[in-house]
Amino acid sequence: MALRAASLVASAFSIPKEGKSSASFKDSSLFGISLSDHAKADFSSSVLRCKREFNQRIGAVRAQTSATASPAVNVATPEGKKTLRKGSVVVTGASSGLGLATAKALAETGKWHVIMACRDFLKAERAAKSAGMAKENYTIMHLDLASLDSVRQFVDNFRRSGRPLDVLVCNAAVYQPTAKEPSFTAEGFELSVGTNHLGHFLLSRLLLDDLKQSDYPSKRLIIVGSITGNTNTLAGNVPPKANLGDLRGLAGGLNGLNTSSMIDGGEFDGAKAYKDSKVCNMLTMQEFHRRFHEETGIAFASLYPGCIATTGLFREHIPLFRLLFPPFQKYITKGFVSEDEAGKRLAQVVSDPSLTKSGVYWSWNKDSASFENQLSQEASDVEKARKVWEISEKLVGLA
Ligand code: LMG
Ligand code: NDP
Ligand code: PMR
């Protein structure tokens, strides 16, 4: 047990070995940007593909009559130099915590227009203002991931806006650690998996087309994962552990009536439902990668941004937990990261030229250097990923 615990502790902190940290990217460089050979190949092929797509698309772009016409990917400065247009990124759940910090970090660069996809418009507006985001750098659009109608409506509204989609960040989540009984989405799915996984699954499937049409040189689809869904870490071994079992509850629709509200068919447990939903998020990212990376050049990625112990995620936990959790993470596990720092990490996955590799679960070491982390056996199970994908397609009405 002691040995097992020690190895769990080591893998929880997963300090990168074998030169996997981003420092190792320094071995080659393209246009002054440090890239690994793999990432370089990835980047240049996507540049070529983008040029092709751009040429095909340019007619369509010109014909667009919507309110905000999609600008050309290269825009001329007053001095006549060509620069890349502003990127257009959708961030779900940008009204607090990691999503807000990411939106802020991206907006501050002046290189991104952030579409904050939020369920509470006023809260989002106040959050953006108090974060000091300049008006021209963001747009708030309504999205309630606990309703598939709302997801479809959001996609519709987004398309009407005429903005291109260059990067999609699936960040929003709910966590119900103290709920005794399950609650449900508009369609009757258990709320955590319904919101965190199924809502995002439909959103990202629908918006894949929009991403494909973007002429931006580095298109990305990011789904936020977590350490607690990975049972190859200490954090992932704190009970209740994530476990999707044979997916019988998911296949039954998680409605808690004629079937369990839990993916594995067991008794409802809010903390487990959240961890299970994160496993689905990480499996979905990999399935996207297998199905669409080669064809589209889109980079699919997931990440564990660190333990952001101060966010609204823990709003339903007991007050004592909320009081002790931040110092516990800061001084005992040392896994604590501030909202600002976590936002910068996710912003890197959105826009850093060295993080173009697809199919990766990014993590950071203590010096905030990114590295490709290992997922648990279940969170990297190819067969399970395919099954989760296929069942989810049916549940959200895509198959
Ligand atoms: C459930 O409880 C909740 O019921 C559920 O609502 C939800 O929140 C869910 O995962 C989320 O958790 C889990 C519960 C059971 O954990 C606790 O919250 C109990 C805390 C017990 C405190 C133990 C002492 C730790 C030292 C404390 C420092 C003070 C700060 C307190 C901060 C509180 C924040 C948590 O958890 C357990 O069963 C406890 C044992 C779990 C360990 C499992 C890991 C196996 C490997 C063992 C290695 C041990 C060595 C590591 C030492 C780390 C340092 C403590
Ligand atoms: P927060 O609670 O601060 O942020 C969650 C966001 O999701 C909020 O903006 C919330 O909106 C939004 N949201 C919740 N339900 C819906 C819904 N139905 N439709 C639309 N938006 C919704 O938590 P975090 O910032 O901590 O969480 C962000 C992500 O980070 C999550 O994916 C989480 O799993 C992940 N994560 C967090 C860690 C942490 O330690 N905090 C660690 C690892 C991963 P509203 O403001 O209206 O409530
Ligand atoms: Mg955990 C290296 C140790 C580590 C890390 C990085 C986390 C992250 N946690 C660690 C260890 C422990 N935690 C230990 C030893 C315990 C038992 C005392 C513990 C407990 C604990 C609880 C009760 N931890 C928690 C909870 C929660 O309710 C959080 C949770 O599981 O939400 C699903 C949580 C978390 N610990 C983390 C992280 C990142 C979380 C937050 C949520 C998430 O994964 O998104």
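Is glutamate 287 buried or exposed? I looked it up: glutamate 287 is buried, at a relative accessible area of 6%. For my own notes, buried is under 20% relative accessible area, exposed is over 50%, and partly exposed is in between (1.4 Å probe, protein chains only).

Before going on, the ground rules. This is a predicted model, where local features need pLDDT of at least 70, side-chain atom pairs count only at pLDDT 80 or more, and totals for chains, interfaces and linings use all residues. Residues are numbered from 1 along each chain as its sequence is written, chains are lettered from A and ligands numbered from 1 in the order in which they are written, and side-chain values use heavy atoms, with hydrogens and water left out.

**Salt bridges**

I found 19 salt bridges in the structure, each one a side-chain nitrogen of Lys or Arg within 4 Å of a carboxyl oxygen of Asp or Glu.

Back to glutamate 287: its side chain meets that of arginine 291 in a salt bridge, 2.8 Å from N to O. The two sit four residues apart in helix α8, so about one helical turn separates them. Arginine 291 is partly exposed, with a relative accessible area of 32%. I also noted that Arg85, Asp166 and Asp215 are joined into one network by salt bridges that share partners.

Helix α8 (residues 270-296) has another pair, lysine 272 and aspartate 276, again four residues apart and thus about one helical turn from each other. Their closest N and O atoms are 2.8 Å apart, and both residues are buried. Helices here are DSSP runs (H or I, at least four residues), numbered from the N terminus.

Next I checked glutamate 393, which forms a salt bridge with arginine 205, the closest N and O atoms being 2.8 Å apart. This pair links distant parts of the chain, 188 residues apart: glutamate 393 is in helix α11 (residues 382-395) and arginine 205 in helix α6 (residues 191-213). Both glutamate 393 and arginine 205 are buried.

**Ligand 3**

Which residues come nearest to ligand 3? Of the 20 around it, they are Tyr175, Ser226, Thr228, Tyr274 and Gln329; a residue counts as near if one of its heavy atoms lies within 4 Å.

I then went through polar contacts (pairs of N or O atoms within 3.5 Å). A ligand oxygen is 2.6 Å from a side-chain N or O atom of tyrosine 175. For serine 226 the figure is 2.5 Å, and a polar side-chain atom of tyrosine 274 lies 2.5 Å from a ligand oxygen.

Helices α1 (2-13), α8 and α9 (319-333) each supply at least two residues of the shell, and α9 gives the most, with five.

Note on methods. Polar contact = N/O pair within 3.5 Å; in protein donor to acceptor, adjacent residues only side chain to side chain.
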